[in-house]
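Hi everyone, thanks for making time this morning.

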Amino acid sequence: MYTISTEIEIKAKKEALWDCLSNFSAYPDWNPFIKKIWFKKLESGQPLRLLIQAPFSFPVLMTGKIMMVAPPSLIRWECYLIHPFFLKGIHTLEWTEHQASSVIFLHHETFNGILLPILWKMIEKRVKKGFESMNNALKNKLESLS
């Protein structure tokens, strides 16, 4: 198993993060990493597809399912490329109140699959930069509203 973890402090209420991060239809307007997500209902067990694009990479279409939704502070999904046996990730967006008017946003993914040892050096830095670009875009979006 391999993991990529990032975090950032955002001056916003946790409910504001929930409103932004659970509004997947607005992702194309602000999110440079997760370009689009398709699903019918934001609840555990629901299938989803997502289009991601890490910096200096081609767009990648992933398939999966929503694993956990805990308003107002957690969204987790599992996604895979081609088949979970080859490359699978468990993607978590989680945030906790840090002070009265700020949160710590944790953005991480745990990967596994038979292709991972071969692909890890290629994807690790790109995906981490993708997470960081999303984190910064989220911070800029929410802090500009305050």
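Three salt bridges come out of the count, where a salt bridge is a side-chain nitrogen of Lys or Arg within 4 Å of a carboxyl oxygen of Asp or Glu. Before I go through them, a word on the source: this is a predicted model, in which local features need pLDDT of at least 70 and side-chain atom pairs count only at pLDDT 80 or more, while totals for chains, interfaces and linings use all residues. Residues are numbered from 1 along each chain as its sequence is written, and side-chain values use heavy atoms, with hydrogens and water left out.

Let's take the bridge between Glu 78 and Lys 88, at 3.6 Å from N to O. Glu 78 sits in strand S5 and Lys 88 in strand S6, so this pair ties together parts that are ten residues apart in sequence. For the record, helices (H or I, at least four residues) and strands (E, at least two) are DSSP runs, numbered from the N terminus. Are Glu 78 and Lys 88 buried or exposed? Glu 78 is buried, and Lys 88 is too; buried means under 20% relative accessible area, exposed over 50%, and partly exposed in between, with a 1.4 Å probe and protein chains only.

Next, Glu 143 pairs with Lys 139, with the closest N and O atoms 3.0 Å apart. Both of these residues lie in helix H3, four residues apart, about one turn of the helix. Glu 143 counts as partly exposed, at 25% relative accessibility. Then there is Glu 43 with Lys 41, at 3.7 Å from N to O, and here Glu 43 is partly exposed at 32%.

On to the aromatics. There are ten aromatic pairs in the structure: rings of Phe, Tyr and Trp (its six-membered ring) pair if their centres lie within 6.5 Å, and planes under 30 degrees apart count as stacked, over 60 as edge-to-face and the rest as tilted. Trp 18 and Trp 95 have ring centres 6.3 Å apart and planes at 35 degrees, so that pair is tilted. It links distant parts of the chain, with Trp 18 in helix H1 (residues 14–21) and Trp 95 in strand S6 (residues 87–99), 77 residues apart. Both of these Trp residues are buried. Phe 85 and Phe 86, by contrast, form an edge-to-face pair, 5.6 Å centre to centre with 75 degrees between the planes. Ring pairs also link Phe 24, Tyr 27, Trp 30, Phe 39 and Trp 77 into a cluster.

Now some backbone details for you. Most residues other than glycine have a negative phi, and most peptide bonds are trans. Phe 56, not a glycine, has a positive phi of about 60 degrees; Phe 56 lies in the loop between strand S3 (47–52) and S4 and is exposed at 75% relative accessibility. Ile 82 has a positive phi too, near 70 degrees, and its place is in the loop between S5 and S6. The peptide bond from Pro 71 to Pro 72 is cis, with omega near 0 degrees, and Pro 72 is in the loop between strand S4 (60–70) and strand S5 (74–81).

That's my tour, so over to you for questions.
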